[in-house]
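Trainee: Please take one chain and look at it closely. I would like to know how it is put together.

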Amino acid sequence: MEINKTIQNETLTVRITGRIDTTTAPKLGDSLTESYDSCSELVLDFAGVDYISSAGLRILLSAQKVMSKKGGMKLINVSSDIMDIFEVTGFKDILTIE
Amino acid sequence: MKEFETQALTDNLPDVLAFVDQQLEEVGCPMKIQMQIDVAVEEIFVNIAHYAYDNGTGKAVVRVEIHDDPLCADITLIDNGVPFDPLAKADPDITLAANERKIGGLGIFMVKKSMDDVIYEYVNGHNMLTIKKGLAKK
């Protein structure tokens, strides 16, 4: 999994490429945690994400909880296969997905 | 039927999934179904790695059986750790708002929702969790 971060006007965009699974999710969690203070809004670009397990969902839920107290969080470019997982788990209703 | 045996450690997850994917690719499993099966196998294998063995780690076996007509896969994960039926656990409430949702508890729920059938058995000191999934394009 590759993580690429860019920040503009306090909006942090995190482009993720690859699989978010038990072995890679901690790296994403650490990367987000170290950036919370530097942004007011978080955009997760899922264009390159082709797999997510519950380990990845846990990271998204944590991030959503943190960012809901700030400027918010949204996911963009989510594939239909990943969207199906969000649908089944109810994440479609608690995340902002564009 | 093919089997893969490894230590029940999360570090071995890529090897487990590579074994499963190899069997699925040989029969032309659609990518979406392969991802669903991979997620299910990951959730079960990681559960074994985290909880099956009180004293450190032990073995895990992954057994893949492909059936024809209709094309489907039976995948069984086996450990000889403490008896544990993950299907007995109540499903998480997925209607709660983000701030009320608990972190975790989603893994086995995802397995139940994405597979055609999930069966737990405890046989001769072994936990055996079998997932069944049709492999034909819908």
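Predicted model: local features only at pLDDT ≥ 70, side-chain atom pairs only at ≥ 80, totals over all residues.

Mentor: I will take chain A. Of the contacts in chain A between residues at least 6 apart in sequence, 71% join residues at least 24 apart; a contact here means C-beta atoms, placed from the backbone, within 7 Å. Residues are numbered from 1 along each chain as its sequence is written, and chains are lettered from A and ligands numbered from 1 in the order in which they are written. The model has an ipTM of 0.92 and a pTM of 0.94.

Chain A has 4 helices and 4 strands, counted as DSSP runs numbered from the N terminus (helices H or I, at least four residues; strands E, at least two). Read from the N terminus, the order is β-β-α-β-α-β-α-α. The radius of gyration, taken over C-alpha atoms, is 12 Å for chain A, close to the 13 Å of the globule rule for 98 residues, so chain A is as compact as a globular protein of that length; the rule is 2.2 Å times the number of residues to the power 0.38. The C-alpha trace of chain A spans about 30 × 25 × 20 Å along its principal axes. Of the 98 residues in chain A, 38% are buried, that is, with 20 or more other C-beta atoms within 10 Å of their own C-beta, placed from the backbone.

Now the strand pairing, which requires at least two DSSP bridges between two strands. Strand 1 (residues 2-8) and strand 2 (residues 11-20) of chain A run antiparallel and are joined by 7 bridges. A:Gln8 sits opposite A:Thr11 of strand 2. The hairpin of these strands leaves 2 residues between them, and A:Asn9 there has a positive phi near 50°. On to the next pair: strand 2 of chain A runs parallel to strand 3 (residues 41-52) of chain A, with 9 bridges between them. Within that pair, A:Ile20 has A:Ile52 of strand 3 as its bridge partner. From strand 2 the chain passes through helix 1 (residues 25-33) of chain A to strand 3, a right-handed β-α-β crossover: with the strands pointing away from the viewer, the path from the first strand over the helix to the second runs clockwise.

Terms used: Buried ≥ 20, exposed ≤ 12 C-beta atoms within 10 Å, placed from the backbone. Contact = placed C-beta atoms within 7 Å.
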